[in-house]
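My remarks are set out as numbered points, to be read beside the sequence and the coordinates.

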Amino acid sequence: MNSTLMLRRFCCCNATVTSSSAVSSQKKPLVFLGSPEVSATVLDSLFNASSKPDFTFELMPSPVAQHALDRGFPSDLIFTPERAGEEAFLYSLKALQPDLCVTAAYGNILPTKFLNIPPMGTVNIHPSLLPLYRGAAPVQRALQDGVKETGVSLAFTIRALDAGPIIARKTLEVDDHIKAPELLDLLFSEGTKLLIHELPSLFDGAAKEKAEPQDDSKATLAPKITPEESWLCFDEEASVLHNKVRAFAGWPGTRAKVIVIGTKNDQDILDLKVITTRVSSHRNHVTEEDEITFANGALVFPCARSSGLEVLEVQPPGKKVMPAAAFWNGLRGQKLKIVKMERVLPAAMSTL
């Protein structure tokens with residue numbers, strides 16, 4: 001991704017919120033904050049909502065500046081400060097006099113000076129069922145834990161990390177194969193629907209009255225993922241590794257070190273990216289310790305408790321993603337073995 005698109009985006013829109021009985025409407029300034037491409041889901045949903053009679057938007061926010069410009073958003077209302085606490089940005093924000101601010105995958109805790117500006121508050125679309133998975137990587141950590149159910153929350157933003165009162169939430173079931181990028185898109189899509197539905201109550205103050213405080217005693221954390229965590233450690237069970245592959249899909253991905261043993265017992269260590277996996281339904285299928293076999297179109301890695309991780313897609317160094325069968329055929333009779341790696345734990349994080 002272009003480095004300029006990694007800057008956090010601040011955009012202003014004027015929203016007209018009306019009811020069927022309203023004779024006239026009052027324009028409500030709204031500021032949107034977003035950073036990664038997934039925030040474009042929110043933007044496009046707001047564009048679509050603008051055509052509905054109850055929600056008329058004159059200007060729309062974009063988390064990606066170029067995307068906003070392509071949709072005709074005025075360039076002078078796109079701000080790209082590195083931090084929301086910059087005095088120049090706060091001055092510009094006050095000048096806009098927003099009634100409400102909305103964040104989606106913004107990535108930084110907002111300072112008190114920012115939170116004091118919009119009278120109706122700042123609202124965040126958070127892809128978890130708060131107070132579960134507060135933090136930078138809620139979707140990834142939920143998949144890594146193998147959850148069968150997750151969701152998205154619409155909550156007011158306070159200084160404490162993802163700890164504000166909850167306005168609305170939506171629960172979704174999680175299957176055994178969905179990866180983080182797909183689940184993230186799905187959750188932000190559902191979260192945007194919650195936002196659109198709640199905009200009238202946010203602007204008239206009803207949302208503040210009905211919002212429910214979070215139970216901090218039930219809070220769990222979702223610390224930021226580091227590249228060092230991407231290595232697969234095969235002394236864990238196959239189900240744990242399969243969940244990690246799904247969770248770390250996209251970035252940083254998951255990797256395995258394997259030994260390629262030639263026909264003359266010459267050896268070479270290969271750094272293999274593991275793209276798609278499933279848990280083997282068979283047990284005790286490995287004939288030699290740490291040997292990687294091939295069965296049913298998959299590379300089978302032996303794991304803890306006699307379980308097996310079936311790798312369906314890989315990416316060798318300098319090559320494109322390929323099916324496991326193509327990689328296996330390219331070995332031309334050479335054998336594969338696992339290189340043992342130490343498990344890397346997530347970095348600790350503060351709840352502020």
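The points below go from the chain as a whole to its cores, a helix, a pocket and some backbone details.

1. Basis of the note. This is a predicted model, in which local features need pLDDT of at least 70 and side-chain atom pairs count only at pLDDT 80 or more, whereas totals for chains, interfaces and linings use all residues. Residues are numbered from 1 along each chain as its sequence is written, and side-chain values use heavy atoms, with hydrogens and water left out.

2. Overall make-up. The chain holds nine helices and 15 strands, where helices (H or I, at least four residues) and strands (E, at least two) are DSSP runs numbered from the N terminus. Of the 352 residues in the chain, 50% are buried; buried means under 20% relative accessible area, exposed over 50%, and partly exposed in between, with a 1.4 Å probe and protein chains only. Among contacts (heavy atoms within 4.5 Å) between residues at least 6 apart in sequence, 67% join residues at least 24 apart.

3. Nonpolar cores. A nonpolar core is a set of buried Ala, Val, Leu, Ile, Met, Phe, Trp, Tyr and Cys residues joined through side-chain atoms within 4.5 Å. The largest one has 40 residues, and those with the most contacts inside it are Leu-100, Leu-143, Ile-167, Leu-195, Leu-199 and Leu-202. Two or more residues each come from strand 2 (26–34), strand 5 (100–104), strand 6, helix 5, strand 7, strand 8 and helix 6 (180–204), and helix 6 gives the most, with 10 residues. Leaving aside neighbours within four places in sequence, Leu-202 is in contact with Leu-100, Met-120, Val-123, Phe-156, Ile-167, Leu-195 and Ala-207. A second, separate core of 24 residues includes Leu-270, Leu-272, Phe-301 and Phe-327.

4. Helix 8. This helix is mostly covered, with eight of its 10 residues buried: Ala-238, Leu-241, His-242, Asn-243, Lys-244, Val-245, Arg-246 and Ala-247. These buried residues pack against helix 5, helix 6, strand 9, strand 10 (267–279) and strand 13 (308–315).

5. Second largest pocket. On a 1 Å grid over the protein atoms alone, a pocket is an open set of points where a 1.4 Å probe fits, with protein on both sides within 12 Å along at least five of seven lines, and lining residues have an atom within 4 Å of a point. The second largest pocket contains about 230 Å³ of space, the volume being the space filled by probe spheres set on the points, which are joined across faces, edges and corners. Its lining has 15 residues, of which Arg-141, Gln-144, Asp-145, Arg-343 and Pro-346 lie nearest the centre. Helix 5 and helix 8 are the elements that give two or more residues to this lining, and helix 8 supplies the largest share, four residues. By type, the lining divides into six nonpolar, three polar and six charged residues; Ala, Val, Leu, Ile, Met, Phe, Trp, Tyr, Cys and Pro count as nonpolar, Asp, Glu, Lys and Arg as charged, and the others, Gly among them, as polar.

6. Backbone details to inspect. Most residues other than glycine have a negative phi, and most peptide bonds are trans. The peptide bond from Leu-130 to Pro-131 is cis, with omega near 15 degrees, and Pro-131 lies in the loop between strand 6 (122–126) and helix 5 (138–144). The bond from Trp-251 to Pro-252 is also cis, with omega near 0 degrees, and Pro-252 is placed in the loop between helix 8 (238–247) and strand 9 (254–261). Tyr-133 has a positive phi of about 55 degrees although it is not a glycine, and Asp-162, likewise not a glycine, has a positive phi of about 50 degrees. Asp-162 sits in the loop between strand 7 (149–156) and strand 8 (166–173).

7. Surroundings of His-126. Leaving aside neighbours within four places in sequence, the contacts of His-126 include Tyr-133, Arg-134, Gly-151 and Asp-162.
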